[in-house]
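Please walk through this model one region at a time. Keep the sequence beside the 3D view as you read.

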Amino acid sequence: MDAFTTAWATATGWLFETLVQPAFYALGLMDWAEDAYDWLDFGLYGLLTIAVVYLVCRPLEAWRPVEAVADRRAVRTDMVYTFLTRLGLLPLIAFVLLASLQSRWEGWLTETGLLPPTLEELFPPLRASPLLAFLVYVVVLDFGEYWRHRAQHGFRWWWALHAIHHAQRQMTFWTDDRNHVLDDVLAALWFGGIALVIGVPPGQFPIILLVLRLAESLSHANVRLDYGRVGERLLVSPRFHRLHHGVLSAGVTGKNYAVLLPVWDWIFGTADWNRGAYPRTGAPGTEEAMATGGWLRQQWTGFRRMAQALAGRTDQS
């Protein structure tokens with residue numbers, strides 16, 4: 001972990017000093033240099049996650065696709081979502097906000113003579129084994145993501161936003177980031193908040209994020225792939241998650257919420273192993289714009305649906 005962090009910081013620093021800093025100096029923008037460094041770090045990491053996901057998922061989709069993609073325009077819209085999400089400003093704002101809150105929280109605890117109640121404080125053996133700590137962090141965060149996902153389907157106003165994700169009828173690995181902006185903000189605050197509370201080290205956080213991002217993108221891939229009777233109970237596969245995106249799994253009827261570990265669906269009774277191997281995907285009853293509209297139109301439709309849900313109107317699915 002430390003070696004990765006050091007190498008990443010070295011590469012980012014070299015790019016900043018070689019390309020970004022001279023440009024900002026020439027333009028008289030040095031007051032923004034620190035913000036530019038944070039943006040460069042964030043943007044490069046976003047490009048890394050996109051590259052890793054593409055190199056893993058694209059060959060699989062070409063190998064054994066579930067279905068031929070008929071509407072390339074809809075997939076290109078999903079690509080827009082991916083680049084805006086992983087290179088965009090909102091996740092960075094969420095990260096900065098949470099880091100500020102963490103600093104204030106830890107400062108308050110220190111003033112009162114308390115240590116932040118991190119997992120390593122509660123279970124000291126984790127300090128001696130970074131790998132074990134990493135695995136525990138992944139499990140805890142995955143558990144949190146399971147309940148966040150259930151909330152997205154359970155609250156009517158939240159489903160009004162999350163329906164954008166389910167409306168895609170031609171699911172590919174690009175579909176992973178197909179979310180309303182407000183949905184993304186809530187998800188980032190949820191995930192980041194849990195990470196801060198349990199004390200995920202800054203050096204491990206991006207690696208954990210990369211692991212979960214890869215798992216999510218792979219589970220959305222247009223590939224005929226399962227992990228067998230035993231493996232399906234250990235890791236979320238593309239087949240397992242496609243059942244979640246099936247037309248029978250919209251809204252409160254959803255199943256298979258897990259991101260990485262199906263054990264949560266198993267324990268809490270939301271696992272579906274039998275609702276068709278590779279069903280049609282989509283969210284029946286939602287406006288056509290949710291499925292085939294451009295990014296801006298989908299965002300507006302989702303916002304309008306959420307407003308209707310909060311107002312108690314019943315003219316939406």
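**The second largest pocket**

The second largest pocket has a volume of about 270 Å³. Its lining has 15 residues, and those closest to the centre are Arg58, Glu61, Val69, Arg72 and Thr172. Two elements give two or more residues each to this lining: helix 2 (33–63) and helix 3 (72–87). Helix 2 gives the most, with 4 residues. By class, the lining of this pocket divides into 9 nonpolar, 4 charged and 2 polar residues. Bear in mind that the model is predicted.

**Threonine 172, at the pocket**

Take one of the residues closest to the pocket centre, Thr172. Where does threonine 172 lie? Its place is the loop between helix 7 (156–166) and helix 8 (181–198). Is threonine 172 buried or exposed? Its relative accessible area is 2%, so threonine 172 counts as buried. The cut-off for buried is under 20%. Leaving out residues up to four places away in sequence, threonine 172 touches Glu61, Val69, Val75, His220, Ala221 and Asn222.

**The largest cavity**

Rolling a probe the size of a water molecule over the atoms shows where empty space is left. The structure holds 2 cavities of 30 Å³ or more. The largest cavity has a volume of about 50 Å³. Which residues line the largest cavity? They are Ile50, Val53, Tyr54, Thr82, Arg86, Phe173, Trp174, Asp177 and Ser217. Helix 2 and helix 3 each give two or more residues to this lining. Helix 2 gives the most here, with 3 residues. The cavity lining has 5 nonpolar, 2 polar and 2 charged residues.

**The chain as a whole**

The protein chain has 14 helices and 0 strands. From the N terminus on, its elements run α-α-α-α-α-α-α-α-α-α-α-α-α-α. The chain has 317 residues, and 45% of them count as buried. Now consider contacts in the chain with a separation of 6 or more: residues 24 or more positions apart account for 73% of them.

Look next at helix 11 (238–245). How many residues of helix 11 are buried? The count is 8 of the 8, so helix 11 is largely enclosed by the rest of the structure. The buried residues are Pro238, Arg239, Phe240, His241, Arg242, Leu243, His244 and His245. What covers them includes helix 6, helix 7, helix 9 (205–220) and helix 12.

Serine 237 lies in the loop between helix 10 (228–231) and helix 11. Serine 237 is buried, because its relative accessible area is 0%. Its side chain meets that of glutamate 232 in a polar contact of 2.3 Å. Beyond residues up to four places away in sequence, serine 237 touches Ser219, Leu225, Asp226, Tyr227 and Glu232.

Asparagine 256 sits in the loop between helix 11 and helix 12. Its phi is positive, at about 55 degrees, although asparagine 256 is not a glycine. Asparagine 256 has a relative accessible area of 0%, so this residue is buried.

**An aromatic cluster**

Finish with the rings. A pair of aromatic rings is described by the distance of the centres and the angle of the planes. A search of the whole structure finds 18 aromatic pairs. One of them joins tyrosine 146 and phenylalanine 268. This pair is stacked, with 5.8 Å centre to centre and 25 degrees between the planes. It links distant parts of the chain, 122 residues apart. Tyrosine 146 is in helix 6 (residues 130–154), and phenylalanine 268 is in the loop between helix 12 (263–267) and helix 13 (288–292).

Phenylalanine 268 is partly exposed, at 34%. Both residues belong to one aromatic cluster, made up of Phe143, Tyr146, Trp147, Tyr257, Trp264 and Phe268.

Key. Residues are numbered from 1 along each chain as its sequence is written. This is a predicted model: local features need pLDDT of at least 70, side-chain atom pairs count only at pLDDT 80 or more; totals for chains, interfaces and linings use all residues. Side-chain values use heavy atoms; hydrogens and water are left out. On a 1 Å grid over the protein atoms alone, a cavity is a set of points where a 1.4 Å probe fits but cannot get out, and a pocket is an open set with protein on both sides within 12 Å along at least five of seven lines; lining residues have an atom within 4 Å of a point. Grid points are joined across faces, edges and corners, and a volume is the space filled by probe spheres set on the points. Ala, Val, Leu, Ile, Met, Phe, Trp, Tyr, Cys and Pro count as nonpolar, Asp, Glu, Lys and Arg as charged, and the others, Gly among them, as polar. Buried means under 20% relative accessible area, exposed over 50%, partly exposed in between (1.4 Å probe, protein chains only). A polar contact is a pair of N or O atoms within 3.5 Å; within protein, one must be able to donate a hydrogen and the other to accept it, and residues adjacent in sequence count only if both atoms are side-chain atoms. Contact means heavy atoms within 4.5 Å. Rings of Phe, Tyr and Trp (its six-membered ring) pair if their centres lie within 6.5 Å; planes under 30 degrees apart count as stacked, over 60 as edge-to-face and the rest as tilted.
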